[in-house]
Amino acid sequence: MSRKKTPKRKGASGPAASALPAADGSRPARPGTARPGPQARPNGPPQPGRPSLGGGDFYDVAFKVMLVGDSGVGKTCLLVRFKDGAFLAGTFISTVGIDFRNKVLDVDGMKVKLQIWDTAGQERFRSVTHAYYRDAHALLLLYDVTNKASFDNIQAWLTEIQDYAQQDVVLMLLGNKVDSAQERVVKREDGEKLAKAATWLAAAVCRSTGCPSWRPAPRRAST
Ligand SMILES: Nc1nc2c(ncn2[C@@H]2O[C@H](COP(=O)(O)OP(=O)(O)OP(=O)(O)O)[C@@H](O)[C@H]2O)c(=O)[nH]1
């Protein structure tokens, strides 16, 4: 990404959130209804009608994932690290609006497309990002372990999620910047306690790996 955060939505060449193809490549009947299901096909050579990202990159099933959390917690850096393997060091430039990137993974012989949306953490963009929650399959809610306020705001984020996301959305709580051990103010136990209370997935991530170590508790928050 040309270091995110231009005044217009980036990734404009890709599909709109509501146009995310279903597993069989069809479009949802209405925004927010795209759900991968039993129609997912096994992996194999490209088939007629099999959805493609272009460039011969086919997939069997698609999921929409959103990164949410306070401004500066590291959403964009996490996405870029996951997608391209690079860490965006340097001056922090806040995201404007919303942007997305696609990544196709091999999971148990299936080609799984993740359409990952990076949202602006700043309050003034909330009305823009709310519209994208409703057809998300999973939400990754980040806080910064060196910023207590970002952790304290998790409850407010949960309220937003309850207001705007689907009931069955998968939630995951991520404590980011664990490499900054000296500045850490949110203890690992506190993050795990919050995640456990809400039966979320919990993980700690940082720029060195870009990938969390997953903990199996794939259920929605019950609070
Ligand atoms: N030490 C450390 N710094 C990080 C990490 N991830 C991100 N940062 C830094 O944190 C700052 C904010 O990162 P971003 O990814 O732009 O934050 P954001 O959540 O996308 O912020 P908004 O776009 O405003 O919502 C940048 O200066 C990054 O370099 C990390 O894992 N470790």
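In these exercises, buried means under 20% relative accessible area, exposed over 50%, and partly exposed in between (1.4 Å probe, protein chains only). Helices (H or I, at least four residues) and strands (E, at least two) are DSSP runs numbered from the N terminus. This is a predicted model, in which local features need pLDDT of at least 70 and side-chain atom pairs count only at pLDDT 80 or more, while totals for chains, interfaces and linings use all residues. Residues are numbered from 1 along each chain as its sequence is written, and side-chain values use heavy atoms, with hydrogens and water left out.

**Exercise 1.** Determine which residues of helix H5 are buried, and which exposed residues lie on the face turned away from them.

Solution. Step 1: within H5 (residues 188-197), the buried residues are Gly191, Leu194 and Ala195. Step 2: viewed down the helix axis, these buried residues fall within an arc of 95 degrees, so they line one face of H5 (the arc is that of the directions from the helix axis to the C-beta atoms). Step 3: on the face turned away from the buried side, H5 carries the exposed residues Lys193, Lys196 and Ala197.

**Exercise 2.** Locate Asp108 and Lys177, and state the phi value and the exposure of each.

Solution. Step 1: Asp108 lies in the loop between strand E2 (98-107) and strand E3 (110-119). Its phi is near 50 degrees, a positive value in a residue other than glycine, and Asp108 is exposed at a relative accessible area of 80%. Step 2: Lys177 is found in the loop between E5 and H5. Lys177, although not a glycine, has a positive phi of about 70 degrees, and its relative accessibility of 25% makes it partly exposed.

**Exercise 3.** Describe the largest nonpolar core and the contacts of Leu139.

Solution. Step 1: a nonpolar core is a set of buried Ala, Val, Leu, Ile, Met, Phe, Trp, Tyr and Cys residues joined through side-chain atoms within 4.5 Å. Step 2: the largest such core has 24 residues, of which Met66, Tyr133, Leu139 and Ile161 touch the most other members. Step 3: the elements that each supply at least two residues of this core include strand E1 (61-69), helix H2 (126-133) and strand E4 (138-144). Helix H4 gives the largest share, four residues. Step 4: leaving aside residues up to four places away in sequence, Leu139 has contacts (heavy atoms within 4.5 Å) with Met66, Tyr133, Ile161, Ala165, Val169, Val170, Leu171 and Met172.
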